[in-house]
Protein chains: 2
Amino acid sequence: MSYTIAEAAVRSGLTAHTLRYYERDGLMLSGVDRSPSGHRRYTDRDLTWIELITRLRATGMPIREVRRYAELVRSGDGNEAERLALLVAHRERVETQLAEVTAHLRAIDHKIGIYEGKVEGALDLERTRSR
Amino acid sequence: MSYTIAEAAVRSGLTAHTLRYYERDGLMLSGVDRSPSGHRRYTDRDLTWIELITRLRATGMPIREVRRYAELVRSGDGNEAERLALLVAHRERVETQLAEVTAHLRAIDHKIGIYEGKVEGALDLERTRSR
DNA sequence: CTCGGACTTGGAGTGCCCTCGAAGTCAAGC
DNA sequence: GCTTGACTTCGAGGGCACTCCAAGTCCGAG
């Protein structure tokens, strides 16, 4: 089973432009297969890989680090510990980031609470006025 | 009490460059006070405001939306409902985002689990070999 | 009075990540 | 066989959020 770039775009949630860009930038494990006419043919394996790097990207990993990871995977067995270290370091960053965002969100929620009080008050006032 | 831009930078965790940039870009509630020589003097009120917009930024609100919010606050009382709507919409986006990132993180954790298995296996193998 | 360092402005530069355009090729339906 | 639309490459362009530079001013210490 293989997919055109348009199908791969739909399945991955990326644009065809972005898929070409990722490939150009060394984020894929190898060059994507081509049809006789030179059109890209994405395999399920490609899509699985794209799914992973999409997760990495969505959690804030920079392109160049995704590339480093791809290079490790590309260079075959034997560097699993390095790959693991990279992923674990990333996970830790993401968790820190999550905690920070959550804390900021709570502070914003507090602010929202204040406005809710005020807006309710204003509505009450209006109700009073219109009576 | 007032602070130079350098002090404000330390207190806010932003750089002096960024503080000037925010002011230029209309993110402050009003022009920052100046000393007789034209140097910026940040008040506690300024710092409180900067803290809020830092939280908004840290949770992913774009500069232009922070500016919209600042404009609402600047234009005085009466638009609390609008401010509230803006904040609530933002909170919802952030929560969605948090959920997505968390889901991605879990998938990455799963991947990490796989590598941990492999790396342990390799270590075992080495231990076996060296015996 | 002089020096060093912190500040000012306006505008240019940077890094990241796409995103698009131009010009050309190709495949499938009519 | 011809049109239509999807694909190709290469390179430029764009948005965002800073980040920095140049040239000049100002303040405080010695």
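User: I'd like to start with one side chain: is Tyr21(B) buried, partly exposed or exposed?

Analyst: Keep in mind that this is a predicted model. Buried means under 20% relative accessible area and exposed means over 50%, with partly exposed in between. Tyr21(B) has a relative accessible area of 34%, so Tyr21(B) is partly exposed. Tyr22(B), on the other hand, is buried, with a value of 8%.

User: And in chain A, how do Tyr21(A) and Tyr22(A) come out?

Analyst: Tyr21(A) is partly exposed at 33%, while Tyr22(A) is buried at 7%.

User: How do I read a pair of aromatic rings, and how many such pairs does the structure hold?

Analyst: You describe a ring pair by the distance of the centres and the angle of the planes. Over all chains, the structure holds four aromatic pairs. One of them joins Tyr21(A) and Tyr22(A): the ring centres are 5.8 Å apart and the planes meet at 45°, so this pair is tilted. In chain B, the rings of Tyr21(B) and Tyr22(B) also have centres 5.8 Å apart and planes at 45°, so that pair is tilted too.

User: Let's go to the sheet in chain A. What is the order of its strands?

Analyst: Strands of a sheet pair through backbone hydrogen bonds, and they can run parallel or antiparallel. In chain A there's an open sheet of three strands in the order β1-β3-β2, with antiparallel pairing. β1 (2-3) and β2 (33-34) of chain A stand at the edges with a single partner strand each, so one side of each has no neighbour in the sheet.

User: How many bridges link β1(A) and β3(A)?

Analyst: Two bridges, in the antiparallel sense, pair β1(A) with β3(A), which covers residues 40-43. If you want a spot to look at, find Ser2(A), which sits opposite Thr43(A) in β3(A).

User: Where does Val32(A) belong?

Analyst: Val32(A) is in the loop between α2 and β2 of chain A. Its relative accessibility is 6%, so Val32(A) counts as buried. Val32(A) and Thr43(A) are 11 residues apart along the chain, and their C-alpha atoms are separated by 8.3 Å.

User: Now a helix. What span should α4(B) have?

Analyst: Helix α4 of chain B has 12 residues (63-74), and at 1.5 Å a residue it should span 16 Å. The C-alpha atoms at its ends are 16 Å apart, which agrees.

User: Which residues of α4(B) are buried?

Analyst: First the general idea: an α-helix has 3.6 residues a turn, so residues three or four places apart point the same way. The buried residues in α4(B) are Ile63(B), Glu65(B), Val66(B), Tyr69(B), Ala70(B) and Leu72(B). After the helix comes Gly76(B), which has a positive phi, near 90°.

User: How many residues surround DNA strand D, and which are closest?

Analyst: There are 19 around DNA strand D, and the closest are Ala6(A), Arg20(A), Arg40(A), Tyr22(B) and Ser37(B). Of the atoms of DNA strand D that come within 4 Å of the protein, 76% belong to sugar and phosphate.

User: What about DNA strand C: which residues come nearest?

Analyst: Of the 19 residues around DNA strand C, the nearest are Ser37(A), Arg57(A), Ala6(B), Arg20(B) and Arg40(B). Arg64(A) has a polar side-chain atom 3.2 Å from a phosphate oxygen of DNA strand C, and for Thr4(B) the side-chain distance is 3.3 Å. Ala6(B) uses a backbone N or O atom, 3.2 Å from a phosphate oxygen of DNA strand C. Here α2(A) gives the most to the nearby surface, with five residues. By residue type, the surface near DNA strand C divides into six nonpolar, six polar and seven charged.

Definitions and conventions
Residues numbered from 1 in each chain as written. Chains lettered and ligands numbered in written order. Predicted model: local features only at pLDDT ≥ 70, side-chain atom pairs only at ≥ 80, totals over all residues. Heavy atoms only, no water. Helix = DSSP H or I, 4+ residues; strand = E, 2+ residues; numbered from the N terminus. Expected span 1.5 Å × (residues − 1). Buried < 20%, exposed > 50% of the residue type's maximum accessible area, 1.4 Å probe, protein only. Near = heavy atom within 4 Å. Phe/Tyr/Trp six-rings, centres within 6.5 Å; stacked < 30°, edge-to-face > 60°. Pairing = 2+ DSSP bridges. Polar contact = N/O pair within 3.5 Å; in protein donor to acceptor, adjacent residues only side chain to side chain. Nonpolar A, V, L, I, M, F, W, Y, C, P; charged D, E, K, R; others polar.
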